[in-house]
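Morning, everyone. Please have a look at the screen, and then I'll walk you through a few parts.

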Amino acid sequence: MTSPFAEPSDRASPLQIIEQDALDDWCASQSPHVSGWVKSNDFSARLGQALLVPDENGAPSSALAGYGTEATRARGRFHLAAAASKLPKGDYRIVSGLPKERAENEALGWVLAGYRFDRYSETGKMGARLVCPDGVDPAHVAAIAAGETLTRDLINTPANDMGPDELEEAARDLAKAHGADFSVIASTELLDQNFPLIHTVGRAADRAPRLIDMRWGQSGPKVTLVGKGVCFDTGGLNLKPGASMGLMKKDMGGAANVLGLAHMLMQTGQKIQLRVLIPAVENAVSGNAFRPGDILPSRKGLTVEINNTDAEGRLVLADALAYAQEDNPDLIISMATLTGAARVAVGPDLAPYYCDRASFVQLLEDSAQKSWDPVWRMPFHTPYEAMIEPGIADLDNAPKGGFAGSITAALFLRRFVGESPYAHFDIYGWNPADAPGRPKGGVGQATRALLDTLSRYQPS
């Protein structure tokens with residue numbers, strides 16, 4: 001793997017990171033030339049500020065990056081990434097001011113600030129490269145950055161070039177790169193092998209539905225990742241309005257996230273038995289599309305009344321989760337861009353999740369804080385089970401009323417999991433606006449937190 005870092009060299013410009021309340025003392029310790037330059041350029045060490053400092057002959061000598069205050073840093077993450085994007089082309093080595101406990105995350109943020117989605121149009125690349133800070137494992141950061149890049153690229157690719165076929169190809173390439181086993185069940189084979197919901201959701205499209213299955217690792221806990229791979233969602237016969245359909249290329253964000261996480265896990269050599277399941281479909285409209293009011297069978301044997309064909313993600317996940325449970329893994333994790341209710345509840349930045357296993361929750365919360373990868377626990381509120389029981393079928397895919405939409409979706413999915421510990425992530429997978437290290441577009445959520453969690457996870 002090519003390193004995203006610059007090689008250590010004396011030619012790399014020294015970079016000093018300065019907090020706002022430390023700037024006056026720092027300037028007092030510098031020469032009149034340096035302190036005068038800082039003052040004349042209105043450098044106040046605000047978060048994200050950057051300044052190149054010349055020597056007395058006018059040649060570049062060093063660089064400064066503002067690190068703000070504790071209060072301003074609490075409002076975001078990847079703070080050095082903002083400064084990195086403003087520095088001129090060249091290599092930089094941090095010589096002071098970066099707390100050891102922040103070094104890995106800031107180094108990752110700098111690398112991610114260089115991400116560009118340039119498949120369809122050339123974009124200007126960031127010229128500032130960082131020498132990996134002391135104490136940071138460059139290979140570990142590179143693995144995380146590569147997994148995040150994979151996730152972003154998959155989500156950002158439009159549906160005409162990222163359908164079930166292309167998603168399968170991306171997963172197959174990942175399996176090949178890591179020596180993983182790979183198989184696919186597609187088209188009418190889904191019916192032959194009892195995956196009726198996956199087939200039903202995807203049968204109206206001209207691109208065949210399929211279930212992607214990847215396995216890697218021979219020892220350690222058995223962990224199965226299930227990612228929603230709806231490559232475009234029209235809403236089906238409950239057709240979405242145009243404004244709601246505009247971002248539906250990202251409806252396979254769950255699949256993109258689990259593939260990015262899988263790369264991180266495999267590249268860093270985690271001691272787990274990893275399995276990745278992706279039901280890959282397009283929810284289209286044609287004469288054989290499934291209808292509101294239909295009652296459908298599932299792999300588990302539960303029947304589902306369809307009250308909204310736009311609630312299709314939970315249907316394809318249901319068959320995949322039932323299949324995952326048949327292998328009796330030590331942990332099942334599903335990731336999906338599933339409900340608008342989750343966005344209303346926590347916005348685009350937080351990754352809401354559901355899990356009742358205290359040991360996993362504790363690990364995840366610790367990892368999320370450490371990794372600057374925020375999550376928010378939501379309740380599997382069992383009294384709401386009645387809301388997903390329509391009476392004429394075992395389950396309702398879209399309860400009327402609109403209350404607790406994310407919770408009822410999670411409860412629906414939980415019905416298809418048996419005794420294995422289970423966590424469900426109802427992610428957004430998209431940055432609506434540019435942020436340091438996280439440009440507008442597709443993004444991984446909770447993957448870095450899960451990487452750290454799974455590196456320490458032991459079945460209870």
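I'll take a helix, then a hairpin, then a sheet. Keep in mind that this is a predicted model.

Start with helix 6. Helix 6 covers residues 138–156, 19 residues in total. From the first C-alpha to the last, helix 6 reaches 26 Å. That is close to the 27 Å expected at 1.5 Å a residue. Now look at its start. There, a side-chain oxygen of D137 comes to within 3.0 Å of the backbone nitrogen of A139.

Which residues of helix 6 are buried? Among them are V141, A142, A143, I144 and A145. Further along, the buried residues include E148, R152 and N156. And what covers the buried residues of helix 6? The cover includes helix 5 (103–113), helix 7 (164–178) and helix 11 (253–267). It also includes strand 18 (430–431), strand 19 (441–442) and helix 16 (447–456).

Next, the hairpin. Strand 2 is residues 50–54, and strand 3 is residues 60–66. They run antiparallel, joined by five bridges. P54 has P60 in strand 3 as its bridge partner. Five residues lie between the two strands. In that turn, G58 has a positive phi of about 90 degrees.

Strand 11 pairs with strand 12, residues 303–305, in the antiparallel sense over three bridges. Find I295 there: opposite stands E305 in strand 12.

Technical notes
Residues numbered from 1 in each chain as written. Predicted model: local features only at pLDDT ≥ 70, side-chain atom pairs only at ≥ 80, totals over all residues. Heavy atoms only, no water. Pairing = 2+ DSSP bridges. Helix = DSSP H or I, 4+ residues; strand = E, 2+ residues; numbered from the N terminus. Expected span 1.5 Å × (residues − 1). Buried < 20%, exposed > 50% of the residue type's maximum accessible area, 1.4 Å probe, protein only. Contact = heavy atoms within 4.5 Å. Polar contact = N/O pair within 3.5 Å; in protein donor to acceptor, adjacent residues only side chain to side chain.
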